[in-house]
Amino acid sequence: MRFRLNEKNIKFVLVAPAIVILLAVAIYPTVFSLYLAFCSWELTGGPYAQIVPVFTGLKNFERLLQDHRFWRDVQTTVSFVVSSVGLEFLIGLGLALILNTEIRGRKYWRVIFLVPMMMTPVAVGYTWRMMYHMERGPLNYLLSFLFIPAQNWMGDRTIALFSCVLMDVWEWTPFMILVLLAGLQSIPVEPYEAAIVDGASKVQIFRYVTFPLLYPVIVVGVLLRALEAFKVFDIIYVTTAGGPALSTEAVTLYVQIIGLRELSLGYASAVAYVLLIMVIALTLIFISWMRRRG
Amino acid sequence: MASISQKVGRIITYWILAVSAFAILFPVYWTITTSFKDPVDVFTYPPALIPYVQFKPTIDAWQRALIAPGAWWGLSLAAHGSGEVFHYLFNSAVVASLSSLLSVGLGSMAAYGLARFEFKRWKNRDIAFFVLSQRFLPPAVIVIPLFVLFKTLQMLDTYPALIIAHITMGLPFAVWIMREYFLETPKELEESAYIDGCSILQALRRIVIPIVAPGLISTIVLCFIFSWNEYLFALFLTQYNAMTIPALVAGATHSGAPLWWDIATMSTIAMIPPIIFALAVQKYIVRGLTFGAVKG
């Protein structure tokens with residue numbers, strides 16, 4: 001009997017390839033990675049290199065608990081995410097509110113905003129590395145007009161993480177602005193008219209009209225940014241590379257060091273899995289939020 | 001009095017906007033001008049900001065990057081040294097085109113299936129959300145198993161390896177966003193086509209695809225940009241043969257002191273395609289980047 005496409009089987013023909021590929025290239029690696037997290041698999045060490053992973057139970061996680069460098073990286077990652085996304089939200093909201101009023105040339109603003117977002121992140125990193133150059137970089141030069149003393153942006157471990165945050169803010173605040181602006185423009189006029197009739201002040205209008213109506217968009221913007229910020233790698237890798245004194249080492253950089261440089265694949269998987277758990281929590285929140293949207 | 005405070009408010013507003021525009025554009029301006037500088041002009045103090053006034057532009061770095069023996073013919077011949085940027089540009093173009101076309105091709109099929117047919121055992125929405133959740137998988141988590149897999153298959157540093165890795169980002173995105181576009185197309189149009197005697201494929205080709213074409217193209221472009229800009233997979237899975245342009249740019253400082261004029265040139269070359277493509281589909285970008293949650 002010849003196989004024929006009909007109403008009954010075409011849906012499987014359509015969906016199956018994508019699902020099979022996802023199972024093979026996303027689910028399988030995720031599960032294999034979980035297995036590796038319970039294994040020792042050292043590819044270096046010459047004759048002592050392990051050709052196949054050896055199951056070692058919870059050993060990697062015991063090591064993880066005592067690994068101060070790892071916990072410091074978790075802390076670094078969380079502070080990076082919280083401060084970048086926080087700043088992006090605050091600046092983004094401010095600028096979106098300004099751009100939502102009668103501003104000429106909004107069209108051109110959209111073009112300007114696309115540049116940092118779409119620029120190759122590695123190029124973003126190098127661009128800022130030039131900006132941050134201590135003695136001769138343009139950033140210190142520009143700040144000198146504001147009587148701000150020259151900073152060692154990438155070399156001073158008290159501010160290096162802030163410098164990384166600043167890069168992310170530069171790159172992704174435009175995203176927040178565009179998202180919040182789209183949200184603001186979808187708010188109907190009627191609630192504002194009603195509020196003005198009732199004699200509400202500007203602050204009250206923002207607090208009781210704009211903010212509640214914008215809230216769903218704010219949640220989407222902040223969650224998506226946070227999800228991406230947890231994966232930060234490129235911009236830090238090409239600027240501070242985790243230094244000075246590991247002050248900017250995000251978990252992803254640690255995974256790269258253990259996995260690719262030390263070729264200690266079991267332990268690297270265990271570290272990566274902790275990152276996955278942090279991201280899963282946020283993903284679940286985002287998905288349940290999208291579900292409610294209908 | 002109100003008019004004065006209004007005026008002051010307007011002035012402040014425009015000042016804030018001017019400063020933001022400067023803050024966004026200046027770093028890009030700095031990179032581009034640095035690519036036209038002579039080594040002696042790169043780190044003068046005060047920094048040379050204005051071409052022809054503070055420094056004499058030169059195209060040396062661009063010449064080194066673009067014009068070299070073998071640069072234009074036989075892309076892979078341009079091995080090391082000058083002109084090698086074409087090797088990486090070519091790799092990036094191959095990987096980004098194929099991964100985005102495959103992602104959107106297979107993704108659109110699945111999206112259409114999910115939008116138009118009912119799956120009994122699993123609900124369509126559950127399948128769609130499962131697929132969407134894969135988009136948030138951190139590359140750092142799956143890169144090690146993929147590295148092991150491709151090492152075993154002796155596929156490290158090949159196009160298929162990197163293309164497959166990039167499909168893990170592109171495919172979930174394409175399924176989710178294309179499903180939204182299909183759901184927005186009225187079902188009645190296809191139904192009337194069926195009544196007129198069209199087959200499913202004919203209805204797709206003549207009615208559905210023309211309607212979703214803008215969404216389809218913008219999704220391909222966004223997948224292309226994700227793939228073009230991606231670095232972590234390229235770092236783990238490639239060495240030279242399949243290495244993409246972000247890896248070339250990132251590796252520029254590994255040997256000795258950074259040659260800023262060359263790095264600035266490479267960075268400029270790397271950022272041109274994604275920015276131009278993004279401008280072409282700018283109407284769809286907010287929608288794409290928020291997975292349809294916010295319609296820009």
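Trainee: Why is B:Glu180 called buried?

Mentor: Buried means under 20% relative accessible area, exposed means over 50%, and partly exposed is in between, with a 1.4 Å probe and protein chains only. B:Glu180 has a relative accessible area of 11%, so B:Glu180 is buried. This is a predicted model, in which local features need pLDDT of at least 70 and side-chain atom pairs count only at pLDDT 80 or more, while totals for chains, interfaces and linings use all residues. Residues are numbered from 1 along each chain as its sequence is written, chains are lettered from A and ligands numbered from 1 in the order in which they are written, and side-chain values use heavy atoms, with hydrogens and water left out.

Trainee: Where does B:Glu180 lie, and which residues is B:Glu180 in contact with?

Mentor: B:Glu180 lies in helix α7 of chain B, residues 159-184. Helices (H or I, at least four residues) and strands (E, at least two) are DSSP runs, numbered from the N terminus. Contact means heavy atoms within 4.5 Å. Neighbours within four places in sequence aside, the contacts of B:Glu180 are A:Arg293, B:Arg287, B:Phe291, B:Gly292 and B:Lys295.

Trainee: What makes A:Val74 count as buried?

Mentor: The relative accessibility of A:Val74 is 13%, so A:Val74 counts as buried. A:Val74 sits in helix α3 of chain A, residues 68-100. With neighbours within four places in sequence set aside, A:Val74 is in contact with A:Val251 and A:Met278.

Trainee: How far apart are A:Val74 and A:Val274 in sequence and in space?

Mentor: They are 200 residues apart in sequence, and 8.9 Å apart in space from C-alpha to C-alpha.

Trainee: Is A:Ala241 buried, partly exposed or exposed, and why?

Mentor: At 44% relative accessibility, A:Ala241 falls in the middle class and therefore counts as partly exposed. A:Ala241 is in the loop between α10 and α11 of chain A. A:Ala241 also has a positive phi, about 55°, although it is not a glycine.

Trainee: What is the phi of A:Leu263, and where is A:Leu263 placed?

Mentor: A:Leu263 has a positive phi of about 50° and is not a glycine either. A:Leu263 is in the loop between α11 and α12 (265-293) of chain A.

Trainee: What kind of peptide bond joins A:Gly243 and A:Pro244?

Mentor: The bond is cis, with omega about -15°. A:Pro244 is in the loop between α10 (234-238) and α11 (251-261) of chain A.

Trainee: How many helices and strands does chain A have, and how many does chain B have?

Mentor: Chain A has 12 helices and two strands, in the order α-β-β-α-α-α-α-α-α-α-α-α-α-α along the sequence. Chain B has 13 helices and zero strands.

Trainee: How does the radius of gyration of chain B stand against that of a compact globule?

Mentor: The radius of gyration is taken over C-alpha atoms, and the globule rule is 2.2 Å times the number of residues to the power 0.38. A compact globule of 296 residues would be near 19 Å, but chain B has 24 Å. For chain A, a compact globule of 294 residues would also be near 19 Å, against 24 Å in the model. The C-alpha trace of chain B spans about 75 × 70 × 35 Å along its principal axes, and the trace of chain A about 80 × 75 × 35 Å.

Trainee: What share of the residues counts as buried in chain A and in chain B?

Mentor: In chain A, 54% of the 294 residues count as buried. In chain B, buried residues make up 56% of 296.

Trainee: How many residues of chain A and chain B are in contact with each other, and what area is buried between the chains?

Mentor: 94 residues of chain A are in contact with 101 residues of chain B. The buried area, meaning the accessible area (1.4 Å probe) that two parts lose on being put together, summed over both, is about 8,400 Å² between chain A and chain B, and carbon and sulfur atoms give 81% of this. A:Met118, A:Tyr126 and A:Met130 supply 9% of the area that chain A buries against chain B, more than any other three residues.
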